[in-house]
Amino acid sequence: MTETTIPIINFKEKAEELLPEGASFEACLTCGLCSSGCPASGIENMDPRKFIRMAMLGMDKELSTSKWVWACTQCKRCQHVCPMSIDVSQLVFLARSNWPQEKKPAGIVRSCQLIQSTDSTSAMGLPPEDFVFVVQDVLEEVRELQPEFKNLQAPMDKKGAHFFVNQNSREPMSEPDEMVPLWKIFDIVGADWTYSSRAWAAENFCMFSGNEEAWREVIQKRVDAVNELGCEVWLNTECGHSYYTMWNGINRFGMEADFKLESLVTYYARWIREGKLPVNSDWNRKNIIFTVQDPCMIVRKAYGESIAEDMRFVTKSLVGEENFIDMQPNRSANYCCGGGGGFLQAGMTEHRRTYGKRKFDQIAATGASYVLTPCHNCHSQMEDIGHHYGGNYGVVHFWTLICLSLGILGENERTYLGPDLLECI
Amino acid sequence: MTQKPKEQRIETEVLIIGAGVTGAGIMRDLALRGVQSLLIDRKDLCAGASGGNHGLLHSGSRYISSDLHSAIECREESTILKHVASQCIEETGGLFVAVEGDDPGFAENFAALCQPAGIACDQISCADAKKLEPLLSDRLFKAYRVPDATIDPFRLALLNVAHAQMLNNSSFRPHTEILLFTVKDGKIESATCRDNRTNTTLTIYAKQYINAGGAWAMNIAQLAGCKDVSLLYSKGTLLVSHDRLTTHVINRLRPPGDGDILVPGGTVSVLGTTSIRVDDLETVKPTVAEIDINVREGAAMIPTLAAARYIRAFSGVRPLLQSAGGSDDREATRGFALLDHSTQNLSNFSTITGGKLTTYRLMAEKTCDLVAERLNNSEPCQTHITPLPDEESCKWTEPGASPKYWYKANDPEDMILCECEMVPQSAIDEIVKDAPGAEKEMTLKAIALRSRAGKGPCQGSFCGIRIASYLYDQGHYHDTTGLIHMRDFFNERFKGTRTVTWGLQAAQMELAEALHCGLLGLDNINDD
Amino acid sequence: MIEEDRNFTAELAVIGTGLAGFAASIFALKRDIKTAQIGNTGAVAYTTGYLDLLGSLSPDYPSSIEDPWQGIEQLKDSHPGHPLCRIPKTDIFTAFEQFTSFLGECGITYTPPEKSNIRVLTPAGTLKPTLCVPSTMKVGSTAFSQKEPCVIIDFKGLKGFSSRQVVANLKDKWPKLSSRRVEFPDMASGEIYPEVMARSLEVPATREKLAKILVEAAEDAKIIGLPAILGMHTPDLVREKMEQLTGLQIFEIPTMPPSVPGIRLREMFEQLLPQKGVILIPQQKVDKLVFIEDGAQLSLSDSFGPITIHSKSVILATGRFLSGGLEASIDGVSEPLLNLPVTQPASRRKWYREKYTDYRGHSVNSAGIEVDSSFRPLDSRGQPYSKNLFAAGVILAHQDWIRGRCGAGVAIATAYKAVEEVEKLLT
C-alpha cells in the first residue's frame, strides 16, 4: 500500500494569481492585526500572519500539509481587520482543495459525498422522496393536532411560486417538527412559496472540503431547480453558509440564474415592518436577555451591515429593545463561532473548542440567557461550547421565537426553549 | 577619584586584522594548521565588502571578457566551495541573457570566450530561458546557462570563526580597532587597539600580524609604515527586493555594467550593482541616483523590477589594486594581492587584499602559506579538502531556514520575535550565548547580523522592539542601554531603507516612524 | 443572478476612516449634516489612544513642549503654513472638547483638553507629551509625577511588552517603580494577544481570577500599571470593576501594534456612527470621485457590485502613505483619487535625512496637498478644485504629524474646520 502524499502548492505564486494587486501577500506590513483578531491563532502553532509570511518565505511544504487549514474557518475576519485588505481565506481554500481526498477530515468529505449521492443535495443524504414524505407527514400531523393550522400548506414543486425555499437537512432528518414554525410564518404573511423535491437542501460541505468541482455540481443542481420552477427568489432560510456558497458559487462558476438570492432574515424584518408579522415582546415579562450571533457567511462575507441591522430589528421587535444586548465585537467585526468551514464535522473537537473560547467569552460578557442566530452551524457550535465551558445560555432559532411571540408555537416545537422561556408561553 | 583603567594586554600567535570572509578564512586555515590566532574587527564580521555584495558564487563567466585569470580562479574556487561549504551555498545555476539593444557580437562570442576558462556554458533558446525564468523580458535575443551559484557570506564567516574557535583557542573580538603598531628591529612588536564599545585601549602582542582589512588594507598597512599597498576604491550599490523573483542568477549578457546582475538570496533577490570611484571609505552609502540606475537597467532584463517592492539597499567597496587601469573599475583586475612587506623591512607583517568573495579561500590559503612558513610551521593547507563543519549558533543567517526549524520544533512557548523572517526566541538565545562574537549586552545590530532578524519587509521596525523587550526580560539589559541599542538598530536599518522608500515601503515606513518616534520618542532620547 | 443597484444620498461624504474622517463625521453629526463615510477602517487600529495636539516644535527644539497652545503661537512664526496655525485656537479647543466628550458618551472616557500637555508612559519606559488620554491611562501619569510606589506588571506570552524594560528605563526618575511577571488566567501557554486579554476581561469571571493574581503581585504598592488590556468595549467599566476587586489603582500603558486602544476606537466608531445616523461604508475605497453641478458623485464597489453616493459636499480625509491618501513612487508623491497637486521636495534625494532618528524629521513627511483658507484643496492653478470639496487630516502639506506629535491635533482641528466650512456651503 502506498501512502498518498499531499502535493505541494506554490503559495506565493497562487497568492499573486488569486488576490488583487495591492492586497496580495506581498502587501503585508506584518503588523499582526490579523492574528490578534483571529480565533484560530495559536491552533497548530499557526496564525494568519504566519500563514502569509510562510508563503512569502517559500515554506510551501509546511503550508501544504498544515492541519491548520482545517482549523481556519475561512471567516475572513483577518481581511476585515487588515489595513491592506489581505485575504488569507482564499489560499486556505486552495490548500484544502489540494489535500488528497483520503487525508482530508473524513467527516467533511463524507458530508460532501452524501450531498453528491442524491438529487436532494443533502449533506445527510436524505433522498427527494424521503424529504417529500417527511414534509407531508409532518404537515398532516400539524393539521391534525393544531386545529388552528388545519389548512397549513407546505407546497412542493409548485411552479411559478415567488419563493423557492431551501431547507437545512437537519430538520427533516432529525427534528422534523422544527420545520413547522417556518411554515406557520409563511402562512401568516401569506407568502407564495414552495419547497422543491430536488436540490432543496441548504448545506454545502463540498465547498468546505475544498472540492471545487463538487461545489460547482451542487450549485448547478440548485440553480437548475430554481430556474425550472421559475421562482423569482431563492430564499435562504436559517442556515448561514448556504447563502454564501450559492452566491459565491454562481459568480465563481459564471452560472445563469434568473432569480434573486435573498435571506429569510431580510423578509422577517420586512414582514414585521409591514405589519404582516404582528410580533411583539409582551410575552417577555421576565425580561429575559437575548443577544444575536452574526453568522460570518451572511454578514461579513456577504450582506454586511444591512442584514446585521435587520437581524437586530427583528430581535428587538421580538424580545423588547431593553432585553437585547449586542455581543462585542459584532456585525461585520464579529468573531466566527468556530462552527463554520466544516469544523463541526472535522473531528478536531479540541481545536474547535479552543477556537470557540472567544465566542464563549463574548457571550458570557453579555450575560444574555439566549443567543439568537439564523445559522445551523453557529447554533450547534454555540451549544457545544456553552456546555463545554460551563455556559449558562441557550441558543434559539428566529422562527421559534417569532412563533412564540405570536402564540402559535406548537408543543413539539419547543426543543430549544429553557424553563424560563417555556414559562412565557 | 577615578581608578585608572588597567591596561589590557593580550598575547596571541597571530593577529588577524579585519573580520571579513578572508580574515575569517585565514583564522580557520591557521587553526587547521595548528596555529592559534586572534581575529579583530573595528566593527563586526563582514562589515565591509564581505557583507556588501551580491552573495554571488561566480562561475567565472562574468570575468571572461575582462580578466581571464580571475575567471579561471573563480571556476576553480567555486567548484571547491560547493564541496567544502555546501551549507552556505545554493546551486541556483545562472543565466546570461541579452536583450534588444545589447551588443549582438558580444552575445554571439560568449560561449567561445568561456571555453578557454573551462567554464561550462550552454546556449539555450530564448523560449527555454523564459520557461526557466518567466519574468525575463520578452525582448530577449540570446541566453546561456552557466554554473553560477549563491553563497551566504555571513554564515560562511561565522562558520569559519566558529570552527577555528573549536579547533584551538583562537578567538574573535568585534569592535576592536587598530590604532597603531609598535615597530622595533624590523618587526611589529605590538598592536595598540581600542575597544570601540567600552572606549578602552588594549595592546596585542603577536608573532605574526596579518592585515586582511579589505578596502581598509591600505590604511592599516600605513599604520605599520608600509607604503607598498596601493588601492583604488570602487563603490557598488545594490537593492534587495521584498521577495525572490527568480530561481537562477540572472546576468546581463554584455560587458559588465550597472544593474546587470539579479541574484536570488534565499527568500529575496539582490539587484546590482553600480560602480563609482570613491576616495572616502567612511561615507559610503547608497544614493538615490544609483538606486534609480539599477532599477532602470535591471528592468531591461526583468521588467517587473520596475514595479517591485524593494525593502533595502546597501553599498560595498571593492578594493582594486592600483595597477588597474581602464575607464570602468569593473574591468580592472579582480585578482588579489598578497604582500609580505619584506621591501618595507618588516618580517612579521603581511597584507592580503583585492580579490572577491568567491576566491576568499584561496586568498586565505596563500596568506597562511606565507605566515606558516614564517612561523616554521610546515602543515599544509586543508581548507580545500576539509568540509566546513556546521555549528548550531551559526545557522540563523540562512534565509527561510529559521521558520523551518521553528515549525518543526512545534513549541508554542518558543515565540516568534521577528515575524517577517520568523526568527524565534530560541534563535536569539542561542546567538546571545554561543555565536562567534557573542558578548554581554550584545547589540541588536550584532544579533541581527547573526540571524535574519530585521531582514524582512518591516526591516526590523517591529522585531527591534520585541527583541529588545525580550532581552530586558532575560536580564540581558538593565538600564537604558537596550533603548539606545534599539534606537541604533533602527538607525542602522534606515541606512538601507532611506533610498528605497516608496510604494508599499512608504506605508511601512510611516507606521515604523509613528511607532518609533511618535510613540516611543526614540528621536528624543538622551545618550548620556 | 439578478442584482439591485445601491444608491445613497448625503449632504456630506467623508472619504477616509482615520481619526480625521471619524472626527469629521462626529462634528457633522453635531451639526445635523447628513453624512456618508467611506474608507478602509483598518489603519485606525494603529492609534495609541493618546490624543496629541502638539508635543514637539521640531525642527527648532528636540525636546518635548509643555504648553501646546503656546507652541502653536511659536509654530506660527516658524511654520506659518502648518494646518494648526490656520485655525483659531478656540476652535481647536472646542474641537477637542467635542471629540473627547463624544468618545466619553460612547464609553471611552477621555481627560478633557487642558492648558498644558501631560506626560504619559510608553511601553519602552520613555515619556511622551500628549493632550488628552483615555481615563484608563491617566493614573500612570499622575503616579509618575508624584513618584508613588508602583508595580508594572507584564504577562507571560505577551510579546513586546516587558515590565522590566519599563522599569529599567524609568528607575532613575521613579525609584519606587518595580516589575512583576504573571500569567493571565486560562492563558498560561503560548503566545497571547492584548486584544484577546482585553476581551476576556469583559467577562466578570476572568476579572475575578485576574484580580487575585494582581493583588498578590502588587505586594505593598497601591498602584499598578498594566499593558493596555482593560476591556475592549467598556474599558472604563472594566477598570472600575478591577479596582473594586483589587482595592488598587490601575492604569494602562499602550502596547505596540496590534494594540487594544486603537481597536477600541475602531470598533466603537464602526458600531456607533451608523447607529447615530452616519451611512458608514467601511472596508471600501472610493474608486472614482467626480464633481457635478451641485455636488459630487462617488463610485465604489463591494462584493455585491457597484455603490453610488450622491453628496452635496465632500471632505477628503484619506491620510498619507499608510492609508493610501498619498502615494509615493520612485518618481515622486501623488494624490491618487483626484490627482491633486502635492507639495513635496524637489527630488527623492531630499526625502530623507541621513539619520533616521534625526529630531528634525524628514522632509517627505511634510509633503501634502494645499488648501485655501476654507480648507478647499487647490488645483495646479492654485484655485479651489471644487467649491464642494474640502480636506482634513494629515494629507495636508506643511506638517509632520509624527515628529510634531500633532497627529490627532491636525486630524481633529482640520476636521472641525472643514465641517464648519461644509455647513456654510450647505446653508
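These legends go with close-up views of a predicted model.

**View 1. Where chain C meets chain B.** On this interface, 38 residues of chain C are in contact with 43 residues of chain B. The biggest giver here is α5(C), with 4 residues.

**View 2. Where chain B meets chain A.** Here 21 residues of chain B are in contact with 18 residues of chain A. On the chain B side, the elements that give two or more residues to the face touching chain A are α9 (401–409) and α14 (504–519). Of the elements, α14(B) gives the most, with 4 residues. Sorted by class, the chain B residues on this side come out as 11 nonpolar, 6 polar and 4 charged.

**View 3. The open sheet of chain A.** Four strands line up in the order β2-β1-β3-β4 in chain A, and the pairing is parallel. The edges belong to β2 (193–194) and β4 (260–263) of chain A; each has a single partner strand, so one side of each is left without a neighbour in the sheet.

**View 4. A closer look at β3 and β4 of chain A.** Strand β3 (residues 233–236) of chain A pairs with β4(A) in the parallel sense, over 4 bridges. To pick out one residue pair, find N236(A): its bridge partner in β4(A) is S263(A).

Terms used:
Residues are numbered from 1 along each chain as its sequence is written. Chains are lettered from A and ligands numbered from 1 in the order in which they are written. This is a predicted model: local features need pLDDT of at least 70, side-chain atom pairs count only at pLDDT 80 or more; totals for chains, interfaces and linings use all residues. Two residues are in contact if their C-beta atoms, placed from the backbone, lie within 7 Å. Ala, Val, Leu, Ile, Met, Phe, Trp, Tyr, Cys and Pro count as nonpolar, Asp, Glu, Lys and Arg as charged, and the others, Gly among them, as polar. Two strands pair if DSSP finds at least two bridges between them.
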